[in-house]
Amino acid sequence: MSAIGLIETKGLIGLVEATDSMAKAANVQIIKRVGIGGAYVTTIVQGDVGSVRAAVEAGAQAAQQVGELVGSHVIPRPAEGLLDAFLG
């Protein structure tokens, strides 16, 4: 794993569209959907840095078109144990 990418939306429809676009845009693995509360939801993907960047860009655009994008972020070379700490 070289990078993780996150997209957060308000509402599930935007997140589903964003996640579908991320999976179609680049060779990334969908790791998890996280419900934050108050209608905020996040999808986390992983893959090589270039693929994750492309996927997050595509997902952010898709989320903006059908829902409310709250934020998107790419973390290259995440610290060991980062995913386990938040998702474990």
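Which residue in strand 3 does Glu8 stand opposite? That would be Thr42. Keep in mind that this is a predicted model, where local features need pLDDT of at least 70, side-chain atom pairs count only at pLDDT 80 or more, and totals for chains, interfaces and linings use all residues. Residues are numbered from 1 along each chain as its sequence is written, and side-chain values use heavy atoms, with hydrogens and water left out.

Let's start with strand 3, residues 40-47. Strands here are DSSP runs of E with at least two residues, helices are runs of H or I with at least four, and both are numbered from the N terminus. Seven of the eight residues in strand 3 are buried, meaning under 20% relative accessible area with a 1.4 Å probe, protein chains only. Its pairings (DSSP must find at least two bridges between two strands) look like this:

| Partner of strand 3 | Sense | Bridges | Opposite residues |
|---|---|---|---|
| Strand 1 (residues 3-10) | antiparallel | eight | Glu8 and Thr42 |
| Strand 2 (residues 29-37) | antiparallel | seven | Lys32 and Ile44 |

Strands 2 and 3 also make a hairpin with two residues between them, and Gly38 in that turn has a positive phi of about 60 degrees.

Now for the inside. The largest nonpolar core holds 15 residues, and Ile7, Met22, Val28, Val52, Ala55, Val56 and Val74 have the most contacts within it. Such a core is a set of buried Ala, Val, Leu, Ile, Met, Phe, Trp, Tyr and Cys residues joined through side-chain atoms within 4.5 Å. Strand 1, helix 1 (12-25), strand 3 and helix 2 (49-66) each give two or more residues, with helix 2 giving the most, five. Leaving aside residues up to four places away in sequence, Val28 touches Met22, Ala23, Val45, Gln46, Ser51, Val52 and Ala55, where contact means heavy atoms within 4.5 Å.

Terms used. Buried < 20%, exposed > 50% of the residue type's maximum accessible area, 1.4 Å probe, protein only.
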